[in-house]
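Work through the salt bridges of the structure below. Each exercise is followed by its solution.

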Amino acid sequence: MAIRNIRKIGDDILRKKCREVKEMTPKLQELIDDMYETMYEAMGVGLAAPQVGVLKRIVVIDVDGTPYTMINPRILESRDTQKGGEGCLSLPGKAGVVTRPNYVRAEAWNEKMERYEVEGTELLARAIAHEVEHLEGVLYVDHVEGELYDVEADEEDE
Ligand code: NI
């Protein structure tokens with residue numbers, strides 16, 4: 001495993017649409033392993049493949065010790081709202097207020113390319129919404145309410 005370089009806002013790759021994953025390969029498995037290592041090292045709770053320069057529909061999320069590898073994720077249902085601070089590993093040291101659904105149900109494929117569903121509320125719902133948007137080239141700053149503010153480096157980022 002290896003820690004990969006996290007692309008920062010302003011890098012064009014963060015604005016591109018990602019491609020579907022058709023099959024798992026050793027190279028993609030290595031990418032996923034590296035994404036977890038990179039996310040944990042950066043104290044993040046989510047990371048999308050374009051953030052490490054790969055335009056594939058893969059995200060990893062871990063908000064509470066339960067890791068979710070989400071390949072080709074799609075939000076099936078979302079409801080209620082939460083308004084709160086949100087950050088991104090591609091914009092370190094900053095956060096902004098974003099309104100997100102407070103409940104999300106999504107489908108994704110795991111590392112064995114088996115379909116599963118995940119339901120999340122609060123931070124998990126926020127993380128899923130945030131990461132799925134990365135795959136479309138959308139960043140949270142696109143719908144931040146008000147100004148970005150400075151945060152401590154060890155706060156949670158997605
Ligand atoms: Ni992010």
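Lys 17 is exposed, with 57% relative accessible area (exposed means over 50%, buried under 20%, partly exposed in between; 1.4 Å probe, protein chains only). The model is predicted: local features need pLDDT of at least 70, side-chain atom pairs need pLDDT 80 or more, and totals for chains, interfaces and linings use all residues. Residues are numbered from 1 along each chain as its sequence is written, and side-chain values use heavy atoms, without hydrogens and water.

**Exercise 1.** Find the salt bridge between Lys 17 and Glu 136, and explain which parts it ties together.

Step 1. Apply the criterion: a side-chain nitrogen of Lys or Arg within 4 Å of a carboxyl oxygen of Asp or Glu.
Step 2. The N to O distance of Lys 17 and Glu 136 is 3.0 Å.
Step 3. Lys 17 sits before helix H1 (26–41) and Glu 136 in the loop between helix H2 (122–134) and strand S6 (145–150), so the bridge ties parts 119 residues apart in sequence. Helices (H or I, at least four residues) and strands (E, at least two) are DSSP runs, numbered from the N terminus.
Step 4. Glu 136 is partly exposed, at 33%.

**Exercise 2.** Characterise the salt bridge of Arg 57 with Glu 136.

Step 1. The N to O distance is 2.6 Å.
Step 2. Arg 57 lies between strands S1 (46–48) and S2 (58–61), 79 residues from Glu 136.
Step 3. Arg 57 is buried, at 9%.
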